[in-house]
Amino acid sequence: MTYISAIFLGLIQGLAEFLPISSSGHLAFFQEVVAVLDAGEESMFFDVLLHLGTLVAVFVAYWAEIKSLILEFFAMVGVRKLPQGQKPDRLSRRMILFIILGTLPLFAVLPVKDFVEGLYSNPMFIGCAFLGTGLILFLSDRLSRGNKDVKNASILDVLLVGCGQALATVPGISRSGTTISVGLARGFSREFAVKFSFLLSIPAVLGANILSLIDAIGEGIDWSQMPMYLAGVATAMISGYLAIRLLKYISRKSSFGGFAYYCWGIGLVTLILSLVK
């Protein structure tokens, strides 16, 4: 691995993880389709670090909300006592419940985990998945604007968003694009759909990377590559934070239509290149 490839991977991870264009699909595109990157060069440990880097970006972007949720969670489980006279934060507790419920559908993916991972080496499928992501975004832009937020969203709403997150474990299907679109379809306000999508990613990324980290340590860590790894992680953190800011702005001011056309474009390119290889 070189600094250039590490930074390039970090940039892909940071931008595509949060913009609704599928980070897994882009990594597969560059590795399997155009062969710019050698899949064998990206160690499992580096992949874990990149995902943790983008997780830091979520914490930075939503630190006030996350801090409030963490403190309220500790109060819920009895680890932290509320100051005298302070009442439980009902909305924070409701959001914690929503995040837990929205994470549950991911467990349904575990029995087919190996099958899903095998799709990363199937360029034809990746191309079709990009097209599917584009369609999801295109349709979500045509939904009427909702007004649901943490106060009035239902358990069914968040479970369906969680199912969207489970579906997005498939490479080429954008996690943020799918969860935001499902939220909009259930009547979420655009701002709440974006925020809930990013907050919902926290336990998913943490859980997946704890398991991956155990496997990565078992494979062994090449400490000589650490400076390059850190360069990639820093790039993922910065680009991820900027991507979150951009998507928050778009959710207030514009539409996701441009991302739909982008996904259709890269999907067609992926399909064409997979046929001529």
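Met124 belongs to helix α7, which spans residues 123–140. In this predicted model, Met124 is partly exposed, with a relative accessible area of 35%. Setting aside its neighbours within four places in sequence, you will find Met124 in contact with Leu271, Ser274 and Leu275.

The chain has a mean pLDDT of 88, and 95% of its residues reach 70 or more. Helix α8 (residues 155–167) has the highest confidence, at a mean of 96, while helix α2 (residues 23–33) has the lowest, at 82.

The largest nonpolar core has 41 residues, and within it Tyr62 and Phe196 touch the most other members. Helix α10 (residues 190–219) supplies the largest share of this core, with 9 residues. Beyond residues up to four places away in sequence, Tyr62 touches Val194, Lys195, Phe198, Leu199, Ile244 and Lys248.

Trp63, Ile70, Phe73, Phe74, Met76, Val77 and Val79 make a nonpolar patch of about 640 Å². One of these residues, Phe74, sits in helix α4 (residues 63–76). Phe74 counts as partly exposed because its relative accessible area, 36%, falls between the 20% and 50% limits.

Next come the charged pairs. Side chains of opposite charge can pair when their charged atoms come close. The whole structure holds 4 salt bridges. In one of them, Lys113 joins Glu117, with the closest N and O atoms 2.8 Å apart. Both residues lie in helix α6 (residues 113–118), 4 residues apart, or about one turn of the helix. Lys113 is partly exposed at 38% relative accessibility, and Glu117 is partly exposed at 41%.

Asp157 is buried, at 0% relative accessibility. Its salt bridge with Arg186 has an N to O distance of 2.7 Å. That pair links distant parts of the chain, with Asp157 in helix α8 and Arg186 in the loop between α9 (175–185) and α10, 29 residues apart. Asp157 also forms a salt bridge with Lys148, where the closest N and O atoms are 2.9 Å apart. Lys148, at 23% relative accessibility, is partly exposed, and Arg186, at 29%, is partly exposed too. Together, Lys148, Asp157 and Arg186 are linked in a network of salt bridges.

Key: Residues numbered from 1 in each chain as written. Predicted model: local features only at pLDDT ≥ 70, side-chain atom pairs only at ≥ 80, totals over all residues. Heavy atoms only, no water. pLDDT = per-residue confidence, 0-100. Helix = DSSP H or I, 4+ residues; strand = E, 2+ residues; numbered from the N terminus. Core = buried A, V, L, I, M, F, W, Y, C linked by side-chain atoms within 4.5 Å. Buried < 20%, exposed > 50% of the residue type's maximum accessible area, 1.4 Å probe, protein only. Contact = heavy atoms within 4.5 Å. Patch = residues over 30% accessible without salt bridge, like charges linked within 9 Å, V, L, I, M, F, W, Y side chains within 5 Å. Areas by Shrake-Rupley, 256 points an atom, 1.4 Å probe, with all protein chains shown as cover. Salt bridge = Lys/Arg side-chain N within 4 Å of Asp/Glu carboxyl O.
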